[in-house]
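Hi everyone, thanks for coming. Let me put the model up, and then we'll walk through a few spots in it.

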Amino acid sequence: MSLRLVVVNTDEILAALTLDEKASLTHGQDLWSTYAVERAGIPKIVVTDGPNGARGPVDPERSAGASICAPCGSSLGATWDPQLIEQIGALIGREARVKGCRVLLAPTVNIHRSPLAGRNFECYSEDPLLSGRIAAAFVRGAQAHGVATTVKHFVANDAEHERYTMSSVVDARTLREIYLVPFELAVREGRALGIMTAYNRLNGTWCSEHHELLQNILRDEWGFDGFVISDWFAAGSTVGSAQAGLDLEMPGPGRFFGPALADAVRAGLVDEPTVDAKVRNLLRVWQRIGAFDAGDAETSSTPSVADIALAHRAASDSMVLLKNDGVLPLAASSIRHLAVIGPNADRVHIMGGGSASLEPQHRTSPLSALRTRLGASATITHEPGCVTDRYVAPLSAALHVDFFAGSDLLGDVVHQREFDSGRVTLFGNPPGTHANGFSFRATASVRVDVAGAHVLSLVQVGRSRVLVNGVVLIDATGDALPRGSAFYGAGSQEQRVEVDLEEDCDHRIVVEYSSASSVPLQGIIVGLRPQPPSDLLDRAVIAASAADAVIVVVGTSDEWESEGFDRQSLQLPGDQDELVRRVRAANANCAVVVNAGSPVAMPWIDEVPAVLLCGLGGQEMAPALVDVLVGTCEPAGRLPTTYPARVEDNPTFTNFPGEHGELRYGEGIFVGYRWYETRHIAPLFPFGHGLSYTTFVVGEPIASSTTFVEGSTLQIDVPVRNSGTRRGAEVVQCYVEPCAPLCSRPHKELKAFAKLWLDPGADATATLTLDDRSFAYWFPGDGLPPDTREKLRMPLVQIGQPDKQPRWRVDTGRYRLHIGRSSAAIDHVLEIEVRGSPQS
Ligand code: BGC
């Protein structure tokens, strides 16, 4: 798409606006758009989530037409390939335009601090450099298509527990060295035009009111000149947010900006130039993305063959071959009977839950992709082996919903809507209803396949009761139920009852609902399913024994990995561990596929011959998985996150998910492999790990100098040869270790990486470049009160590193450069001399 820029003079436009018009630009008009000022030619801007595809301006559970669903963040991180991610960013950016949107609410660059954090699937990595390089590439790709990205969530939004109120307690050094880095790289290297503030507080101050973050660091230090948008409902004040540097409150109508901001100016609480600065920031971005040119719209909504191929490549390039004792790739031509076992074989788990979710162009399960590919030459049997549903699945029948203005189901029906399943999600009040309480009656007509015992369930945000054929079976209209994980953590725990249903007749299910109060998100999930058979595991074992090869697809689902809540455990849900063990005992020709976006425990790892992590690979995941299984594609991913052997080993174990309103980042800079390496704790699989179907020789690295002087760069050339018999990819990683650190430092840290694709027998050179930041740490100042310095001016009193100014600091000394293929698999170590900052 060509990007035409209509040049307007934003200063002239600004000067012609009234205070009310200016203030109107600082808040949303509705959930997904901003206000226009037509007389001044300022367009309305429409925004869309998100990180794995452009859903369009609709709620996550609704559709604005299908979108290309790219792999989720942790899979994109696993590609270790910024060039590829730039193309994915471009694909999503183009699609945002197709949906009429100019702002993309992505990328998500928070850090995989705890393996249990609910949104890890959306974020790239536990390492700030890998996250930042991937993010910058995504931003460049998307923004080349007239779309502003909003890098989110700024900052230390690395868990979901009490997510709207939690204070992340992070020391300055940790913030600088770990959590700010992906944002910094997205701004400095990606030239991001937007930043989204996080819900949480940072050291007690709301992120949307954090002047040091939004002004001193973001704008003054990093040179950011884009706009700062709030996360949805994250703005919490007028004066504080205005002065700290928030430019746009979303969604609309705003509670704190918009008319409230204009009133604050009139009351003398906020200066008008402060509002002008916000409008200038916004108009500058609208100008840069070409939004003043109303005619420049992308029209083709059909993805090209190349787009699909790119999504497929991103999926296979993100798959990590964790273990392989020769079972993979499958000898497909000799397989006559393939058993495809596991709850995720016949499930389409291609993205996580929450605001990143969207309607993909197709939903293909691993089982159906395997049948398409191998069904002509082999008999394929399937057994789920166990049930892993966290909730009873929503009714598959359509729900007709009549809304009433008040909370008591009385009076006329003021609005009607059809929902295509038993899930009713309402963002904001339905039309015609009272802001402080409304009600609805939802009705479905249901037939069941098999007569007998069924489980009926209810989850609610509000108060409701469920009637089946006129009889109240669940009554949850009394006291508030304990909170569960559905509805971004606002939903109740699931209520279940057993009910006997006959087949061959219609059953009338009615839900009577009353909203508890005016909250932005309300709704119900009413579920129904037959009781599962008790012999699922046995049936899987029988199927495995009868086959000549077995693929076991285990994993999570968006009921387990989602925005809104963290996981409780690394364990695969249900009886999946037992399933893997018993299936493997029944058939040794067995490969396990793990379909999850965050680390899971694998207590059976020593028993199985092969494990492939397919992640949450987007809509092309299943076809790509089959290509990797049969060997037409290389499993080219590497872990972007350490897989711990035990949850107790992870660095956040004693500080997660926080309590009493505080989440202490007690491990400091020792996040992920920085912790495991420093403490010599062997993980299940280390950061950066991933096998190939071919073999590589990583030769002696050659450094451009044996000395690095602060302010210069050092280049390391690493010769790599594909010594195997097929084309494949290797990721060369460079970790830096200070030999005699003057302060606490991780054992080693990733500072450069390069991914190479090589034909069999071919050689290439991986070029790794190091600069000041590769050796630096953040010196936060000596932390002493100003008068202490005077007081301590006496003989014999020594201050560790007497220096007032916080800054990046490179200490002189010897450093080791570890060149290898994971944080734990190091092929070569070079030692160099570094000449850095003077000590004071
Ligand atoms: C999420 C954001 C998202 C926004 C709009 C929030 O709940 O935290 O990441 O962009 O909703 O859907």
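So, which residue stands opposite Val 468 in strand 18? Val 471 does. Before I go on: this is a predicted model, local features need pLDDT of at least 70, side-chain atom pairs count only at pLDDT 80 or more, and totals for chains, interfaces and linings use all residues. Residues are numbered from 1 along each chain as its sequence is written, and side-chain values use heavy atoms, with hydrogens and water left out.

Okay, back to the strands, which like helices are DSSP runs numbered from the N terminus (strands are E, at least two residues; helices are H or I, at least four). Strand 17 pairs antiparallel with strand 18, residues 471-476, over 5 bridges; pairing takes at least two DSSP bridges. The two make a hairpin with 2 residues between them, and Asn 469 in that turn has a positive phi of about 50 degrees. Strand 17, residues 463-468, is also joined by 6 bridges to strand 20, residues 507-514, again antiparallel. There, Arg 463 stands opposite Ser 514.

Now the cores, meaning sets of buried Ala, Val, Leu, Ile, Met, Phe, Trp, Tyr and Cys residues joined through side-chain atoms within 4.5 Å. Buried is under 20% relative accessible area, with a 1.4 Å probe and protein chains only. The largest core has 119 residues, and Trp 286 is among those with the most contacts inside it. Helix 5, residues 128-143, gives the most, with 8 residues. A second, separate core has 38 residues, including Met 319 and Val 628.

Last one: Glu 737 in strand 30 is buried at 9%. Beyond four places in sequence, its contacts (heavy atoms within 4.5 Å) include Lys 748 and Arg 816.

Conventions:
Buried means under 20% relative accessible area, exposed over 50%, partly exposed in between (1.4 Å probe, protein chains only).
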